[in-house]
Amino acid sequence: MSPYYAKLEVLHKDIEFVYDLLRKDFGNVFYSLINENNTKIAVIVGTKWFFKTNSDASVTILIKEKEEKLVLELISYGGREGVFGLSLGVHEDFARKIIKSLKKNKIKYNIIAKINYSNPSRISSLS
């Protein structure tokens, strides 16, 4: 599997608004908004079928409150097909659809990091 990771700082205070927006468009597997100890964290999991690989790609979206902003983490993966099991970049395309959805809905953001072919050690260095 070839995971893609992106971390965004979203210049929006309302986690419920961003959660509902992304949940409707991308949460076809699982979604939950957790509110514990005055901290809200949202989890959204979705899949999408891509023609160019004749397979699904999956995405996990984490949304965390951080002061007056939100932090979004996107982890997309899958989309392999064919003799060589190549993803042809559909996992990255899926993550870009989420970023485009923010832009389309006039939600301002800054991309903090993007990691092609991510792994836990590379992601933990971004904390």
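**Group meeting: fold and helix packing**

Good morning. Read along the sequence, the elements of this protein follow the order β-α-β-β-β-β-α-β-α. That gives three helices and six strands, where helices (H or I, at least four residues) and strands (E, at least two) are DSSP runs numbered from the N terminus.

A word on the basis of these values. The model is predicted, with local features needing pLDDT of at least 70 and side-chain atom pairs counting only at pLDDT 80 or more, while totals for chains, interfaces and linings use all residues. Residues are numbered from 1 along each chain as its sequence is written, and side-chain values use heavy atoms, with hydrogens and water left out.

Let me begin with the whole protein. Of its 127 residues, 40% are buried, that is, under 20% relative accessible area with a 1.4 Å probe, protein chains only, whereas exposed means over 50% and partly exposed lies in between. The accessible surface is about 7,500 Å², and carbon and sulfur atoms hold 52% of that surface; the areas come from the Shrake-Rupley method with a 1.4 Å probe. Among contacts (heavy atoms within 4.5 Å) with a separation of 6 or more, 59% join residues 24 or more positions apart.

I turn now to the helices. Two packed helices are described by the angle between their axes and the distance between the axes. Helix α1, residues 15-26, packs against helix α2, residues 90-104, at an angle of about 135°, and the axes are 11 Å apart. Here the axes are lines fitted to C-alpha atoms over the stretch in contact, and angles run from 0 to 180 degrees between N-to-C directions. The angle makes α1 oblique to α2, because angles under 35 degrees count as roughly parallel, over 145 as roughly antiparallel, 65 to 115 as roughly perpendicular and the rest as oblique.

Which residues make the contact? From α1 they are V18, L21, L22, D25 and F26, and from α2 they are F94, K97, I98, S101 and L102. By class, seven are nonpolar, one is polar and two are charged.

Is S101 buried or exposed? S101 counts as buried, because its relative accessibility is 6%. Leaving aside residues up to four places away in sequence, S101 touches L21, L22, D25 and F26.

Finally, a residue in a strand. A57 lies in strand β4, residues 55-66, and counts as buried at 0% relative accessibility. The C-alpha atoms of A57 and T47 are 5.6 Å apart, although the two residues are ten apart along the chain.

Notes. Ala, Val, Leu, Ile, Met, Phe, Trp, Tyr, Cys and Pro count as nonpolar, Asp, Glu, Lys and Arg as charged, and the others, Gly among them, as polar.
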